[in-house]
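Please read it with the model open.

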Amino acid sequence: MEAQLIRQRLEDSGLRCTPQRFSVISFLLAHHEHPTAAEIFEAVNRVDPRSSRATTYNNLRDLVEAGLVRQVAAEGRAARFDAKDEEHHHFICDRCGNVEDIEWHAIKPPAPETLGKRIVRECELIVRGLCTQCAPRKRAASKH
């Protein structure tokens with residue numbers, strides 16, 4: 001994504017476009033592997049050593065709250081982050097923890113009367129199981 005578009009997205013969401021925040025979202029837009037906060041910090045810090053771990057983590061929090069980045073929680077593992085523009089769901093592997101994008105399918109949110117006073121912001125599907133790399137190993141291990 002073009003630098004000016006990134007700046008505009010940040011400003012439209014009410015966030016200042018600081019060099020550190022720009023670096024974090026730029027990295028996420030360029031890397032679709034769903035990195036952890038630690039991986040993002042390491043990558044951003046290699047480019048700009050002035051960026052602290054706390055600043056990186058705070059920027060991730062702000063970007064998530066602004067809706068520009070999604071935090072994908074994998075049970076028992078570090079959260080991963082995603083800044084893709086198009087809507088999609090996620091598949092999380094139980095064995096290796098890999099997070100993969102899966103095609104978007106509209107999901108009907110819960111009926112309002114079941115939510116009490118809650119307001120739904122979005123409804124996302126997270127599928128859990130064994131990825132294509134781990135599934136063959138599971139089948140091979142069960143044959144012995």
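The points below cover the basis of the model, then cysteines, then salt bridges.

1. Basis. This is a predicted model: local features need pLDDT of at least 70, side-chain atom pairs count only at pLDDT 80 or more, and totals for chains, interfaces and linings use all residues. Residues are numbered from 1 along each chain as its sequence is written, and side-chain values use heavy atoms, with hydrogens and water left out.

2. Cysteines. The whole structure holds zero disulfides (a disulfide is a pair of cysteine sulfur atoms within 2.5 Å). Cysteine 134 has its closest cysteine sulfur in cysteine 93, at 3.7 Å, which is too far for a bond. Cysteine 134 is buried, at 0% relative accessibility. Cysteine 17 is partly exposed at 27%. (Buried means under 20% relative accessible area, exposed over 50%, partly exposed in between, with a 1.4 Å probe and protein chains only.)

3. Salt bridges. The search finds five (a side-chain nitrogen of Lys or Arg within 4 Å of a carboxyl oxygen of Asp or Glu). One of them pairs aspartate 48 with arginine 50, closest N and O atoms 2.9 Å apart. Aspartate 48 is buried at 10%. Arginine 50 is exposed at 66%.

4. Aspartate 62. The contact between aspartate 62 and arginine 61 is 3.0 Å, N to O. Aspartate 62 also bridges to arginine 21, at 3.1 Å between the closest N and O atoms. Aspartate 62 is buried at 17%, arginine 21 is buried at 10%, and arginine 61 is partly exposed at 42%.
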